[in-house]
Amino acid sequence: MKTFKDLEFNSSNHGDGVYAKIMFENGLGASVIKSSFSYGGKNGLYELAVLDTDGEITYDTDVTNDVIGHLTPEKVTETMAFIQVL
């Protein structure tokens, strides 16, 4: 099971944050970002979006119908675990 520690962060396109994208064995993935433009980023928290099998953001899963913001690293791991068992 992949966790927050498996994320490889790079500089975000927004210039002031970090971004990681990870794909799972079931074909789905997660996009995780922390910047002044992301939900919770100004407070040091992360925003996560679920990715479909093409690596595009999807709003049609049992996880959420939107992005999920204000996540601690532990909550990112919990959400990643849920995505991995879909």
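Residues are numbered from 1 along each chain as its sequence is written, and side-chain values use heavy atoms, without hydrogens and water. Because the model is predicted, local features need pLDDT of at least 70 and side-chain atom pairs count only at pLDDT 80 or more, whereas totals for chains, interfaces and linings use all residues.

Trainee: How are the rings of F4 and Y46 arranged as a pair?

Mentor: Rings of Phe, Tyr and Trp (its six-membered ring) pair if their centres lie within 6.5 Å, with planes under 30 degrees apart counted as stacked, over 60 as edge-to-face and the rest as tilted. The centres of the F4 and Y46 rings are 5.1 Å apart and their planes stand at 70 degrees, so the pair is edge-to-face.

Trainee: Is Y46 buried or exposed?

Mentor: Buried means under 20% relative accessible area, exposed over 50%, and partly exposed in between (1.4 Å probe, protein chains only). Y46 has a relative accessible area of 9%, so Y46 is buried.

Trainee: Which class does the pair of F9 and Y46 fall into?

Mentor: The ring centres of F9 and Y46 lie 5.7 Å apart. Their planes are at 40 degrees, so this pair is tilted.

Trainee: Which residues do ring pairs link into a cluster?

Mentor: A search of the whole structure finds three aromatic pairs, among them the edge-to-face pair of F4 with Y46 and the tilted pair of F9 with Y46. The cluster linked by ring pairs is made of F4, F9 and Y46.

Trainee: How accessible is F82?

Mentor: F82 contributes, with M1, V85 and L86, to a nonpolar surface patch of about 420 Å². F82 is partly exposed, and its relative accessible area is 40%.

Technical notes: Patch = residues over 30% accessible without salt bridge, like charges linked within 9 Å, V, L, I, M, F, W, Y side chains within 5 Å. Areas by Shrake-Rupley, 256 points an atom, 1.4 Å probe, with all protein chains shown as cover. Salt bridge = Lys/Arg side-chain N within 4 Å of Asp/Glu carboxyl O.
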